[in-house]
Amino acid sequence: MAGGTRRKSPASPSPLWGKLHTLWQDKHLALFKTEYTLLVVSVLWFLEIGINLWVIQKVAYTEIDWKAYMDEVEGVINGTYDYTQLKGDTGPLVYPAGFVYIFVALYYATSHGVNIRLGQYIFAVFYLITLLLVFRIYCRTKKVPPYVFFFVCCASYRIHSIFVLRLFNDPVAMMLLFAAVNLFMDGYWTFGCCFYSLAVSVKMNVLLFAPGLLFLLLSELGLIRTIPKLSLCAAIQLLLGLPFILENPVGYVSRAFDLGRQFIFKWTVNWRFLPEWLFLNRYFHLLLLATHLLILLLFAFRRWKRPGESIFELLKDPSKRKIPAQKCTVDQIVLILFTSNFIGMCFSRSLHYQFYVWYFHTLPYLLWSGGVKKLLKVLILGLIELSWNTYPSTNSSSAVLHVCHLVILLYLWLAPTSEETHEHTAVREKRH
């Protein structure tokens, strides 16, 4: 209007303000919508700092293997490189060389293993790093609703115990493994193989991921380009173990990679309902191994490879395959690796309490990938947690654990493949 004062148009809200406004409107859905995963896990991660400090200060530390670890690495520090001569309170050293180097560092950091409280704080840092790596996987995949992460961190007494009250080497191996998975997701296959091999060098259980990793490498690179990656993994093992191999090669390999080691029935979590003679029977072990390999092959042929593609096509260079090669999605990478490890857990000769960390952080992903009904998913998570927290294990707790494993495995087998999911989505879009 001429001669009049012009009204100022209201300033447009900033993007941050818009997000906060949307969040406030959807606050009752924030725990159920995957787009809020980053926000929820960030809050939980900072909450975990306080929880770990409280656990360390208020819950009594329990000595199980820490002193034995310190005795074993002290032998190396004193100049013993023959693996058959290295032992601690609980028996001989049975872990690869990467374990030795990491726990030598912890030996010096904790005043020759005496300052256990400092060791607990260091393992709390390992726990928080592991959570960051795990949460990044879930943020990238956006498959699991945010409320589930309360079960992943705050609700598990056993996992906190394994990290900061027991100081086992299993969490160190898994921290390196999840670093490798993050690198694989980002397409850094060489660096990922380095971290994978480092994880194996801490504890051999990480080899349960190997079948899935081999399938992914062949799928992405073909046989010729996969061989250098496998050679790199082997070279890292050779380099780390070199001082011990030069001293006693047979002793090192037989102790560090003892696939036939006998487990003690007293500590089994998964086979308590069996008679001890059957638990110790070598034919039973061979049956488990055969079943393990059979299920892996079935998943590789029927679930992991694309329909219509020969498994032998994976050996060719991706550019020379009959069906044009497609890059593995983040979901496919994570699902194949986690499934490979889970199958190994299902048919393990024995699971001890600290082994829970081998697959705990992968369980929500597997459950939400398999099409399990919502209430059943939560029930299975709770029953698995209960089974691992029952000490000593009982016939019932072991049986429940196997039933839960079987349900997850069946749902993973019956779930639609990514190609089928895309086809159904395309059909729905055409109808609308």
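The expected span of a helix is 1.5 Å times one less than its number of residues. I take helices to be DSSP runs of H or I with at least four residues, numbered from the N terminus.

I am working on a predicted model, in which local features need pLDDT of at least 70, side-chain atom pairs count only at pLDDT 80 or more, and totals for chains, interfaces and linings use all residues. Residues are numbered from 1 along each chain as its sequence is written, and side-chain values use heavy atoms, with hydrogens and water left out.

**Helix α2.** I checked the length of α2 (residues 37-58). Its 22 residues should span 32 Å at 1.5 Å a residue, and the end C-alpha atoms are 30 Å apart, so the two agree. I then listed its buried residues (under 20% relative accessible area, 1.4 Å probe, protein chains only). They are T37, V40, V41, L44, W45, E48, N52, V55 and I56. Their cover includes α5, α6 (149-152) and α7 (157-165).

For contacts I used heavy atoms within 4.5 Å. Leaving out residues up to four places away in sequence, I384 touches Y356, Y359, L363, L401, C404 and I408.

H285 lies in α13 and counts as buried because its relative accessibility is 7%. Beyond neighbours within four places in sequence, H285 contacts Q262, F279, L280 and R349. H402 lies in α17 and is buried, with a relative accessible area of 19%. With residues up to four places away set aside, H402 touches N270, W271, F273 and C346. I also took the C-alpha separation of H402 and A256, which is 29 Å for 146 residues along the chain.

**Surface patch.** I noted a nonpolar patch of L294, L298, L406, L410, W413 and L414, with about 580 Å² of accessible area together. Areas come from the Shrake-Rupley method with a 1.4 Å probe, and for residues only the protein chains shown count as cover. Patch residues have over 30% relative accessible area and no salt bridge, and nonpolar side chains (Val, Leu, Ile, Met, Phe, Trp, Tyr) are joined within 5 Å. A salt bridge puts a side-chain nitrogen of Lys or Arg within 4 Å of a carboxyl oxygen of Asp or Glu. α13 (282-304) and α17 (395-414) each supply at least two of the residues, and α17 gives the most, four. L414 is in α17 and counts as exposed because its relative accessibility is 65%, the cut-off being over 50%.

Terms used
Patches are made of residues with over 30% relative accessible area and no salt bridge: like charges are joined within 9 Å, nonpolar side chains (Val, Leu, Ile, Met, Phe, Trp, Tyr) within 5 Å.
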